Amino acid sequence: MKQSIVHIALVVKDYDEAIAFYTKKLNFDLIEDTYQPEQDKRWVVIAPPNSSGTTILLARASKPEQEEYIGNQTGGRVFLFLNSDDFWRDYNKMTASGIEFVREPKSTDYGTVAVFKDLYGNLWDLLELHPEHPIAKRME
């Protein structure tokens, strides 16, 4: 049996501002942006450049209950983990483009990591895993 997680939904306030942030500031690729008239919504999928794994579905909040979770989908914990093949290249590009880091870079037993906020305040890890880390080996 082979299974995989295809998308993770990220609740956003506005499709276009989210697309602009992720494609311009984080250099993500816009994979799909399709209008669905029967539901009056868009199917917007993004992914990090050259990624072949899970993608992010930008899901505009459609109810007040959903709006409450924009920027805080995990109660203040780091929500998403962006692995890089060159931590310092990406860290420097991100800081130059105005990304706010809330925890400075540090070396750990699993790699190099820093925490940043997206446009709504969700927390992300930017990390570069050590090559011997079990997840890094799975990505080879």
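Visitor: Which residue stands opposite Leu58 in β4?

Guide: Val44 does. The model is a predicted one, and in it β3 and β4 pair in the antiparallel sense over three bridges.

Visitor: What makes β1 and β4 a pair, and in which direction do they run?

Guide: Six bridges join β1 to β4, residues 55-60, and at least two are required, so the two strands pair. They run parallel. Along them, Ala9 stands opposite Leu57, and the bridge partner of His7 is Thr55.

Visitor: What is the order of the open sheet, and what is its pairing called?

Guide: The four strands come in the order β1-β4-β3-β2, and the pairing is mixed.

Visitor: Why do β1 and β2 stand at the edges?

Guide: β1 (7-12) and β2 (29-36) each have a single partner strand, so one side of each is left without a neighbour in the sheet. Neighbouring strands of this sheet are turned by 25 degrees against each other on average, direction ignored.

Visitor: Why does Val12 count as buried?

Guide: Its relative accessibility is 0%. Buried means under 20%, so the label applies. Val12 is found in strand β1. Leaving aside neighbours within four places in sequence, Val12 is in contact with Ala18, Leu58, Ala59, Arg60, Ala61, Ile70 and Tyr120.

Visitor: Where does helix α1 lie?

Guide: α1, residues 15-25, lies across β1, β2, β3 (41-47) and β4, and runs at about 10 degrees to β3. The buried residues of α1 are Tyr15, Ala18, Ile19, Phe21, Tyr22 and Thr23. The elements covering them include β1, β2, β3, β4, β7 (111-117) and β8 (123-129).

Visitor: What is found at the start of α1, and what just after α1?

Guide: At the start, a side-chain oxygen of Asp14 reaches to within 3.0 Å of the backbone nitrogen of Asp16. Just after the helix, Asn27 takes a positive phi of about 65 degrees.

Visitor: Why does Asn122 count as buried?

Guide: Asn122 lies in the loop between β7 and β8. Its relative accessibility is 2%, and the limit is under 20%, so Asn122 is buried. Leaving aside neighbours within four places in sequence, its contacts are Leu10, Gly71, Asn72, Gln73, Phe79, Phe116 and Lys117.

Visitor: What does the side chain of Asn122 reach at 3.4 Å?

Guide: The backbone nitrogen of Asn72.

Visitor: What lines the largest pocket?

Guide: The lining has 34 residues, of which Pro48, Ser51, Phe81, Leu82 and Asn83 lie nearest the centre of the pocket. About 1300 Å³ of space lies in this largest pocket. α1, β4, β5 (78-83), α3 (87-96), β8 and α4 (134-138) each supply at least two residues of the lining.

Visitor: Which element gives the largest share of the lining of the largest pocket?

Guide: β5, with five residues.

Note on methods:
Residues numbered from 1 in each chain as written. Predicted model: local features only at pLDDT ≥ 70, side-chain atom pairs only at ≥ 80, totals over all residues. Heavy atoms only, no water. Axes fitted to C-alpha atoms, helices over the stretch in contact; angles between N-to-C directions. Contact = heavy atoms within 4.5 Å. Buried < 20%, exposed > 50% of the residue type's maximum accessible area, 1.4 Å probe, protein only. Polar contact = N/O pair within 3.5 Å; in protein donor to acceptor, adjacent residues only side chain to side chain. 1 Å grid on protein atoms, 1.4 Å probe; cavity = no way out; pocket = protein on both sides within 12 Å on 5 of 7 lines; lining within 4 Å. Points joined across faces, edges and corners; volume = space filled by probe spheres on them.
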